[in-house]
Amino acid sequence: MLASTAFAASLALIATFANCQDVAPVIEIKGSKFFYANNGSQFFIKGLVYQDITTGEDLGDVSDNLERNSAGFNDMLADGLVCARDLPYFRGLQTNVLRIYSIENDTDHDECMNTLAEAGIYTLVDLSRAG
């Protein structure tokens, strides 16, 4: 139960962070299930892991926008062009949650987070790096 509480808190925190609660409503826990706070319908997770772990392969037209940091990963939420590029794939898969393992704590993520929130996609983000 503690894990599910943390999950719901994470979803609510991300929606608040992105200033898009009207677009991406808060998720609440009732018993062992998740529900949209705005209408009470059940929330089912249809998620993907969204993290670039390539080691220098060609990333296409946006490869110049992604710069591998010293920890060896690309912050996928730091570039709005990358989010815009990938959003049609998320929609095609009917994704409503993205799991992100690592981000740069001192980087602005607003553009990507707002894009995802407007598409009704929540994020679960590890804050594993001290910053």
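Start by selecting Cys112, which counts as buried at 1% relative accessibility (buried means under 20% relative accessible area, exposed over 50% and partly exposed in between, with a 1.4 Å probe and protein chains only). You are looking at a predicted model, where local features need pLDDT of at least 70, side-chain atom pairs count only at pLDDT 80 or more, and totals for chains, interfaces and linings use all residues. Residues are numbered from 1 along each chain as its sequence is written, and side-chain values use heavy atoms, with hydrogens and water left out.

**Stop 1: the disulfide**

A disulfide joins Cys83 to Cys112, with an S to S distance of 1.5 Å (a disulfide is a pair of cysteine sulfur atoms within 2.5 Å). This pair links distant parts of the chain: Cys83 lies in helix α2 and Cys112 in helix α3, residues 110–118, and the two are 29 residues apart. Helices (H or I, at least four residues) and strands (E, at least two) are DSSP runs, numbered from the N terminus. Cys83 is buried, with a relative accessible area of 1%. Turn the view to look along the S-S bond: its torsion is about -65°, so the disulfide is left-handed. A search of the whole structure finds 1 disulfide.

**Stop 2: the largest nonpolar core**

Next, show the side chains of Tyr50, Leu77, Phe90, Leu98, Ile100, Leu116 and Ile121. Of the 14 residues in the largest nonpolar core, these touch the most other members (a nonpolar core is a set of buried Ala, Val, Leu, Ile, Met, Phe, Trp, Tyr and Cys residues joined through side-chain atoms within 4.5 Å). Which elements give two or more residues to this core? They are α2, β5 and α3, and α2 gives the most, with 4 residues.

Centre the view on Leu116. Not counting residues up to four places away in sequence, Leu116 touches Leu77, Leu87, Phe90, Leu98, Ile121 and Thr123 (contact means heavy atoms within 4.5 Å). A second, separate core of 8 residues includes Ile27, Phe34, Val97 and Ala117.

**Stop 3**

Two of the residues just named lead to the next stop. Select Ile27 and you will find Tyr36 as its bridge partner in β2. Strand β1 (residues 27–30) and strand β2 (residues 33–36) pair in the antiparallel sense over 4 bridges (two strands pair if DSSP finds at least two bridges between them). Phe34 in β2 stands opposite Ile29, and its bridge partner in β3 is Phe43. Between β2 and strand β3 (residues 42–43) the pairing is also antiparallel, over 2 bridges.

Zoom in on the turns. The hairpin of β1 and β2 has 2 residues between the strands, and Gly31 there takes a positive phi near 65°. In the hairpin of β2 and β3, 5 residues lie between the strands, and Gly40 in the turn has a positive phi of about 80°.

Step back to view the open sheet, where the 3 strands run in the order β1-β2-β3 with antiparallel pairing. β1 and β3 stand at the edges, each with a single partner strand, so one side of each is left without a neighbour in the sheet.

**Stop 4: the salt bridges**

How many salt bridges does a search of the whole structure find? There are 2 (a salt bridge is a side-chain nitrogen of Lys or Arg within 4 Å of a carboxyl oxygen of Asp or Glu).

Select Asp86 and Arg85 for one of them: the closest N and O atoms are 2.7 Å apart. Asp86 is buried, with a relative accessible area of 9%, whereas Arg85 is partly exposed at 30%.

Then move to Asp126 and Arg99, whose closest N and O atoms are 3.3 Å apart in their salt bridge. This pair links distant parts of the chain, with Asp126 in the segment after β6 (122–125), Arg99 in strand β5, and 27 residues separating them. Asp126 is partly exposed at 28% relative accessible area, and Arg99 counts as partly exposed at 26%.

**Stop 5: Gln94**

End the tour in the loop between α2 (80–92) and β5 (97–100), where you will find Gln94. Although Gln94 is not a glycine, it has a positive phi of about 55°. Is Gln94 buried or exposed? With a relative accessible area of 54%, Gln94 is exposed.
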